[in-house]
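Here is a short report to read alongside the sequence and the 3D view.

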Amino acid sequence: MSQVAFTVRMDSATKSKFEELCEKFGMSITTAINVFAKSVIQTRSIPFEIKADTRQDIIDKGKLAIFKMRESAQRNGLSDMTLEEINEEIHLSREGK
């Protein structure tokens, strides 16, 4: 099937935010619009939701990760490390990359 150009007008702030989210989803704006159009045609409705994590979702995931690391450290006898020892472990880990 032949390709055609399609122009959409929107304010620059909306485009910028849309483009940023599309990148987080791993796709371009063109791909996102094509996915949307094909899905609307197939279902004859707006059939899906693509959603990025909210700031609170990210904070909650971070807190959970820290909680799990604390539990792991306690199980492995590492809960009494000093801040200097922790920073040294981080430094050594980063050098190993």
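## Surface patches and overall form

Let's start with one side chain: at 59% relative accessibility, Glu 84 is above the 50% cut-off and therefore counts as exposed. Please keep in mind that this is a predicted model. Glu 84 sits in helix 4, which covers residues 83–95. On the surface, Glu 84 gathers with Asp 80, Glu 85, Glu 88, Glu 89 and Glu 95 in a patch of negative charge.

Ile 46 is found in the loop between helix 2 and helix 3 (55–75). Ile 46 has a relative accessible area of 59%, so it is exposed.

Now for the chain as a whole. It has 4 helices and 0 strands, running α-α-α-α from the N terminus. The radius of gyration is 23 Å, well over the 13 Å that the globule rule gives for 97 residues, so the chain is more spread out than a compact globule. Some further values for the chain are collected here.

| Property of the chain | Value |
|---|---|
| Box filled by the C-alpha atoms, along the principal axes | roughly 65 × 30 × 30 Å |
| Buried share of the 97 residues | 5% |
| Accessible surface | about 9100 Å² |
| Carbon and sulfur share of the accessible surface | 55% |
| Distance between the mean positions of the 15 positive and 15 negative charges | 11 Å |

Note on methods
Residues numbered from 1 in each chain as written. Predicted model: local features only at pLDDT ≥ 70, side-chain atom pairs only at ≥ 80, totals over all residues. Heavy atoms only, no water. Patch = residues over 30% accessible without salt bridge, like charges linked within 9 Å, V, L, I, M, F, W, Y side chains within 5 Å. Areas by Shrake-Rupley, 256 points an atom, 1.4 Å probe, with all protein chains shown as cover. Salt bridge = Lys/Arg side-chain N within 4 Å of Asp/Glu carboxyl O. Lys, Arg positive; Asp, Glu negative; His and termini not counted. Charge placed at Lys NZ, Arg CZ, Asp CG, Glu CD. Helix = DSSP H or I, 4+ residues; strand = E, 2+ residues; numbered from the N terminus. Buried < 20%, exposed > 50% of the residue type's maximum accessible area, 1.4 Å probe, protein only. Rg over C-alpha atoms; globule rule 2.2 N^0.38 Å.
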